[in-house]
Amino acid sequence: MKTSDPAKDTATALAEEGDTSHLGHGLKVRHLTMMGLGSAIGAGLFLGTGVGIAKAGPAVLISYIIAGIIVVFVMRMLGEMGAAIPASGSFSHYARIGIGEWAGFTMGWLYWFMLIMVLGAEITGASAIVHGWLPGVPQWVVALVFVTFFAVVNLAKVSNFGEFEFWFAAIKVAVIIAFLVIGVLLVFGLLPDTDPVGFTNLFGQGGFMPNGFAGIAAGLLVVAFAFGGIEIVTIAAAESKDPEHSIATAVRSVVWRISVFYIGSIAIMVLVLPWNSPQLQSGPFVAVLNQAHISYVAGFMELVVVVALLSAFNANVYGTSRMAYSLARRGDGPALLGGLSKTGVPTNAVLLSVFFGFVSVLLNWLLPDSLLSILLNAVGAALLVIWIFIVVSQLRLRPRLEAEGKLSLRMWGFPYLSWFTLAALGGLILLMLTDADARNQLISTAVLFAVIAGLSVLNARRRRAAAEA
């Protein structure tokens, strides 16, 4: 590990410790913004919202607003640190310098493991849909083609990756905007053969809160992690030409756009159709668009879901490779993963992520039906742990960075809103303990966290022994 020159200010020393200078710098603000949107707008929005509506009714809006507020605050804190200290390891690096080396190691590898599991789920979901279109082609072959293609994309220079991800994410954003426009027209009965729905569905069928506060709590458990993926913006910012400015602009933009898209989409769903409609549970976007009598909408939305999954897969290969690279450069991972190509791409770290993509292809062949649920359950509540460490890191680092005058983006109401966010995340943990499935995920995540934290202790001993040798 490099030692900081005491003559330099804190922020400069910490930025150098992040070691991002050798990575490519081809990403632009529009790439970062769309990458954040693309990572957070996935199958969870297009397919999973129906589950939350079924549990909470129209009051799922409250569940999404609560979850959205928590995520907005977490992202603001992460953006504050990222703008002051651009680093490819992002929150892992901030945990290391704000809490301790063990925290940086644990957060980095926990995030890496989480995204690797999500990679498998995304490629499994996309290949299953395409296999339905082409039943003569085995699902594992479809998955193999996808993984190979995105391996090539991620091994190219980072500007090519950014451009590809920009247009992938733009398709999803365009679909959601079109959905919001059509939904508003449906609500006011401005489309042919439609009548205004007003607030009938919002307050009918048992009222706005048909399942009471328990329904809102159950809905919150379903939607709490729907915004996961947005944090990749701060990882990617290290490869932009002006990281400090880029991350501040991207975080501001992504936060409000995600909020509008998610809350707006859910509002349209519960306004246009009764919350207990079976169509909403099976496919909420298709159910609403069917009310507008649009031909071939089901097939089109299947295509959009495939694009959403592949876009998220592409971004997560990027995220895992950069996190592994950052860990390796800090001595928290195999040195082999710290190598860069001539264009500034961490080739070995990308290949490691791609390798696990191929492992998921193998599992697609062996366990085609049960793989998706296995992978998603293995992730558990890892994102919740990462958010907690982001908040703690910000609470520890803010005074140091403020003393240096390096804050271009500030968390509102510090330290009160930071402590409020930490308390809200603690409340989510308590809520998870009341639900059997969520409790099992929490336990599995706790075990995984303990194992990685134990490995961090062994790694620290190894590094001390090497330094003394």
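Of the 469 residues in the protein chain, 56% are buried, where buried means under 20% relative accessible area, exposed means over 50% and partly exposed lies in between, with a 1.4 Å probe and protein chains only. Please keep in mind that this is a predicted model, in which local features need pLDDT of at least 70 and side-chain atom pairs count only at pLDDT 80 or more, whereas totals for chains, interfaces and linings use all residues. Residues are numbered from 1 along each chain as its sequence is written, and side-chain values use heavy atoms, with hydrogens and water left out.

The protein chain has 21 helices and zero strands, these being DSSP runs numbered from the N terminus, with helices as H or I of at least four residues and strands as E of at least two. Among contacts, meaning heavy atoms within 4.5 Å, between residues at least 6 apart in sequence, 81% join residues at least 24 apart.

Let me turn to helix 11, which covers residues 212–223 and reaches 17 Å from its first C-alpha to its last, close to the 16 Å expected, the expected span being 1.5 Å times one less than the number of residues. Its buried residues are G215, I216, G219, L220, L221 and V223, and they pack against helix 4, helix 5, helix 20 and helix 21.

How many degrees lie between helix 11 and helix 20? The angle is about 105 degrees, with the axes 10 Å apart; axes here are lines fitted to C-alpha atoms, for helices over the stretch in contact, and angles run from 0 to 180 degrees between N-to-C directions. That makes helix 11 roughly perpendicular to helix 20, a term that applies to angles of 65 to 115 degrees. The contact is formed by A217, L220 and L221 from helix 11 together with L428, L431 and M432 from helix 20.

On the helix 20 side, the buried residues are S418, T421, L422, L425, L428, L431 and M432, and what covers them includes helix 5, helix 11, helix 19 and helix 21.

Leaving aside residues up to four places away in sequence, A250 touches L32, T33 and V233.

How values were computed
Parallel < 35°, antiparallel > 145°, perpendicular 65-115°, else oblique.
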